[in-house]
Amino acid sequence: MAKTILITGGSRGIGRATAILAGQRGWSVGVNYAGNAAAAEQVVKAVQTAGGKAIAIKGDVSLEADVIAVFDAVEKVFGKLDGFVNNAGVLDRKQPFLDYSLERMKRIFDINVLGAYLCAREAARRMAKSRGGKGGSIVNVSSVAARLGAPDEYVDYAGSKGAIDSMTLGLAKELGPEGIRVNAVRPGLIETDIHASGGQPDRAARLGAMTPLGRPGSAQETAEAIIWLLDDAASYVSGALLDISGGR
Ligand code: NAP
């Protein structure tokens, strides 16, 4: 069945690949982005070429007013949501913990934790059967960093993803009676721009070679799991934390 979904951080990387796969299924996709309008418009075109519908919607997930406006925009154009991908997330530079600034940690927790919670709440309010929604599926994009800790690199980022895992476990229980399934994917080393934003553009290739499967993963391989969790094929899956990490 064709679905209406919203993806935060849909302009690049894992979000972009998920949007295009959804387009291949004929789904309608809200492509949220923070600032990169050209990239978001390119994703919209790619979704349409693949056979779906899409709109690009600018908004910062850490700002409540933006979050509400983004959800309003997608429902105004495509109708009630069936699925939500809580994907937007950021890293900071690789740095010893001893040198972390307050600003660094606030940015990571504002976007990755507060932003993800605000977005999940907004998705739940719109999908909850008790609020007139039709139920649905939320997929949170966590990271294997949640269990590895990212020492000497980004322990703040790792902690932000630990919060995503806890949110997933709690919301799966709280929102099940509302007809909403809640799951997380935990990618490992995936080739996207995020590693360059942490000052290590070669990180996925370098460390990916040391994983059991001997290579980094792709955004497409991650998106396949996200789409499965959104789809009815996963209709009895809720509260799962699915590692996509090549065995790492
Ligand atoms: P990416 O290529 O760096 O893309 C980040 C996306 O998030 C972009 O679309 C960006 O929009 C958007 N974004 C950033 N800040 C935002 C904000 N405040 N509000 C709304 N959108 C925002 O990242 P990625 O690698 O695809 O990562 C996607 C998710 O996967 C993240 O949650 C990340 O932590 C997680 N993850 C990635 C890996 C990996 O190896 N790549 C591993 C584990 C987990 P603009 O284009 O407008 O900047």
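Guide: Two strands pair if DSSP finds at least two bridges between them, where strands (E, at least two residues) and helices (H or I, at least four) are DSSP runs numbered from the N terminus. The model is predicted, with local features needing pLDDT of at least 70 and side-chain atom pairs counting only at pLDDT 80 or more, while totals for chains, interfaces and linings use all residues. Residues are numbered from 1 along each chain as its sequence is written, and side-chain values use heavy atoms, leaving out hydrogens and water.

Visitor: In what order do the strands of the open sheet stand?

Guide: The seven strands follow the order S3-S2-S1-S4-S5-S6-S7, with parallel pairing. Strands S3 (53–58) and S7 (241–244) stand at the edges with a single partner strand each, so one side of each lacks a neighbour in the sheet.

Visitor: How are two packed helices described?

Guide: They are described by the angle between their axes and the distance between the axes. Helix H4 (residues 102–127) and helix H6 (residues 155–175) have axes that come within 9 Å and cross at roughly 15° (lines fitted to C-alpha atoms, for helices over the stretch in contact, with angles from 0 to 180 degrees between N-to-C directions). That makes H4 roughly parallel (under 35 degrees) to H6.

Visitor: Which strands does H4 touch?

Guide: Packing on the sheet, H4 touches S4, S5 (136–141) and S6, and its direction makes about 175° with that of S4, contact meaning heavy atoms within 4.5 Å.

Definitions and conventions
Angles under 35 degrees count as roughly parallel, over 145 as roughly antiparallel, 65 to 115 as roughly perpendicular and the rest as oblique.
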